[in-house]
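Thanks for coming. I have one structure to go through today, and I will keep to what can be read from the coordinates.

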Amino acid sequence: MSLALAAPAHALSPELTVEKRLSVITDKKERVEFAIAQVTNNKREAQCAIQIAYKESRYNVDSYNKSSGARGVWQLLWAKPDWSLLKQTEEAHEYVLHRYDTWCEAYRFHQERNWY
């Protein structure tokens with residue numbers, strides 16, 4: 001059985017790398033939830049991050065804004081087209097911690113201005 005055909009339940013298998021686990025999760029929101037769980041174990045912060053991902057890209061890893069050049073789930077201006085969801089999430093997490101201290105502060109800012 002190839003990895004691409006593995007059931008989503010196998011995504012939690014400890015034998016798989018994080019990238020491979022992400023590749024077998026088919027639901028977009030679940031993929032983003034799993035990715036954000038790799039950078040924070042705070043459930044409240046993860047929920048705020050999920051809200052941002054939905055508002056920015058509807059959980060679309062390949063999202064691209066032609067007017068700004070922002071890319072990916074988190075709509076990062078410096079993102080590269082070949083970045084995985086995990087790389088996008090790690091970059092977004094570093095940005096959020098640097099600029100807002102927490103995902104919930106970033107989400108509060110996003111609610112006020114429709115960007116973060």
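**Contacts, helices and a pocket**

I start with S57: leaving aside neighbours within four places in sequence, S57 is in contact with S63, G72 and V73. Please keep in mind that this is a predicted model. S57 is found in helix α3, which covers residues 43-57. Is S57 buried or exposed? With a relative accessibility of 7%, S57 counts as buried, the cut-off for that class being under 20%.

Moving one step along, we come to R58, which lies in the loop between α3 and α4. Phi of R58 is near 55 degrees, a positive value in a residue other than glycine. R58 counts as partly exposed, at 46% relative accessibility.

N114 sits in the segment after α5, and at 59% relative accessibility N114 counts as exposed.

Now the overall layout. The chain has 5 helices and 0 strands, so from the N terminus on the order of elements reads α-α-α-α-α. Of the 116 residues in the chain, 43% are buried. If we take the contacts with a separation of 6 or more, 35% of them are between residues 24 or more positions apart.

Two pairs illustrate separation along the chain. S23 has its place in helix α1, residues 18-24, and is partly exposed, with a relative accessible area of 48%. The C-alpha atoms of S23 and S84 are separated by 9.8 Å, and these two residues are 61 residues apart along the chain.

R31 and L85 are 54 residues apart along the chain, with their C-alpha atoms separated by 8.2 Å. Which residues does R31 touch, not counting those up to four places away in sequence? They are L22, I25, V61 and L85. R31 is partly exposed, with a relative accessible area of 22%.

Next, the packing of two helices, α4 at residues 85-100 and α5 at residues 103-113. Their axes come within 8 Å and cross at roughly 80 degrees. Angles of 65 to 115 degrees count as roughly perpendicular, and α4 and α5 are therefore roughly perpendicular to each other. On the α4 side the contact is made by A92, H93, V96, R99 and Y100. On the α5 side, W103, E105, A106 and F109 meet them. By class, the contact of α4 with α5 has 6 nonpolar, 1 polar and 2 charged residues.

Last, the empty space. Rolling a probe the size of a water molecule over the atoms shows where such space is left. How much space lies in the largest pocket? The figure is about 230 Å³. The largest pocket is lined by 13 residues, and E56, A70, Q75, L77 and Y116 are the ones that lie nearest its centre. The lining of the largest pocket divides into 8 nonpolar, 3 polar and 2 charged residues.

Technical notes
Residues are numbered from 1 along each chain as its sequence is written. This is a predicted model: local features need pLDDT of at least 70, side-chain atom pairs count only at pLDDT 80 or more; totals for chains, interfaces and linings use all residues. Side-chain values use heavy atoms; hydrogens and water are left out. Axes are lines fitted to C-alpha atoms, for helices over the stretch in contact, and angles run from 0 to 180 degrees between N-to-C directions. Helices (H or I, at least four residues) and strands (E, at least two) are DSSP runs, numbered from the N terminus. Angles under 35 degrees count as roughly parallel, over 145 as roughly antiparallel, 65 to 115 as roughly perpendicular and the rest as oblique. Contact means heavy atoms within 4.5 Å. Ala, Val, Leu, Ile, Met, Phe, Trp, Tyr, Cys and Pro count as nonpolar, Asp, Glu, Lys and Arg as charged, and the others, Gly among them, as polar. On a 1 Å grid over the protein atoms alone, a cavity is a set of points where a 1.4 Å probe fits but cannot get out, and a pocket is an open set with protein on both sides within 12 Å along at least five of seven lines; lining residues have an atom within 4 Å of a point. Grid points are joined across faces, edges and corners, and a volume is the space filled by probe spheres set on the points. Buried means under 20% relative accessible area, exposed over 50%, partly exposed in between (1.4 Å probe, protein chains only).
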